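Morning, everyone. I have one structure to go through today, and I will start with a single residue before moving to the whole chain. Please look at the screen.

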Amino acid sequence: QVQLVESGGGLVQAGGSLRLSCAASGRTFSRYTMGWFRQAPGKEREFVAAISWAGGSTSTYYADSAKGRYTISGDNAKNTVSVYLQMNSLKPEDTAVYSCAAKASTSSVGISGYAYYDYWGQGTQVTVSS
């Protein structure tokens, strides 16, 4: 099993920045993907960004709404993996619960779909005031 714990959410004014963190522990894999999703009240869960590790290389993926404002990055140490989401120029429409997800695969097929992922964190609330 893999446990994912998010942190870093909060209240920020429009135009501000936040950095979300997700710490993964438990079972480790040599190749895996971690992603960020968000869900606003009354809306469907939405893909934000993902990062894949395979050996010494990484690949990143972004939703169109995240390109240019969000940056995903990660640390890959023995038995511990962390992924970060730097969010800049935040807008009120970015308000949502942001969740971290993981899968023991680096296939990009379906990577933006929530069904792709096997493990999920509890989420962290991000609120952007106007």
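Is S89 buried, partly exposed or exposed? The model is a predicted one, and in it S89 has a relative accessible area of 42%. Buried would need a value under 20% and exposed a value over 50%, so S89 is partly exposed. To find S89, go to the loop between β8, residues 80–87, and β9. The backbone is worth a look here too. Most residues other than glycine have a negative phi. S89 is not a glycine, yet its phi is positive, at about 50 degrees.

Now the whole chain. The secondary structure consists of 11 strands and zero helices, so reading along the sequence you get β-β-β-β-β-β-β-β-β-β-β. The radius of gyration is 14 Å, and a compact globule of 130 residues would come out near 14 Å, so the two agree. Along the principal axes, the C-alpha atoms fill a box of roughly 45 × 25 × 25 Å.

How much of the chain is buried? Of the 130 residues, 41% are. The accessible surface is about 6,600 Å², with carbon and sulfur atoms holding 46% of that. As for contacts, take those with a separation of 6 or more: 57% of them join residues 24 or more positions apart. On charge, there are 11 positive and 8 negative side chains, and the centres of the two sets are 6 Å apart.

Next, the aromatics. The structure contains six aromatic pairs. One of them is F37 with F47, an edge-to-face pair with 5.6 Å from centre to centre and 70 degrees between the planes. Why does this pair tie together separate parts of the chain? Because F37 sits in strand β4, residues 31–39, while F47 sits in strand β5, residues 46–54, and the two are 10 residues apart in sequence. F37 has 1% relative accessibility, so it counts as buried. F47, at 11%, counts as buried as well.

F37 also pairs with Y117, again edge-to-face, with the centres 5.3 Å apart and the planes at 80 degrees. What does this second pair link? It joins distant parts of the chain: F37 is in strand β4, whereas Y117 is in the loop between β9, residues 96–103, and β10, residues 119–120, and they are 80 residues apart. Both F37 and Y117 are buried. Taken as a group, F37, F47, Y117, Y116 and W120 make up one aromatic cluster.

Which residues does K103 touch, leaving aside its neighbours within four places in sequence? The contacts are Y32, T33, Y116, Y117 and D118. P41, for its part, is 62 residues from K103 along the chain, and the C-alpha atoms of the two are separated by 26 Å.

To go back over the main points: the chain has 11 strands and zero helices, F37 and Y117 are both buried, and S89 is the loop residue with the positive phi. That is what I had.

Note on methods:
Residues are numbered from 1 along each chain as its sequence is written. Side-chain values use heavy atoms; hydrogens and water are left out. Helices (H or I, at least four residues) and strands (E, at least two) are DSSP runs, numbered from the N terminus. The radius of gyration is taken over C-alpha atoms; the globule rule is 2.2 Å times the number of residues to the power 0.38. Buried means under 20% relative accessible area, exposed over 50%, partly exposed in between (1.4 Å probe, protein chains only). Contact means heavy atoms within 4.5 Å. Accessible areas come from the Shrake-Rupley method with a 1.4 Å probe; for residues, only the protein chains shown count as cover. Lys and Arg count as positive and Asp and Glu as negative; His and the chain ends are not counted. The place of a charge is taken as NZ of Lys, CZ of Arg, CG of Asp or CD of Glu. Rings of Phe, Tyr and Trp (its six-membered ring) pair if their centres lie within 6.5 Å; planes under 30 degrees apart count as stacked, over 60 as edge-to-face and the rest as tilted.
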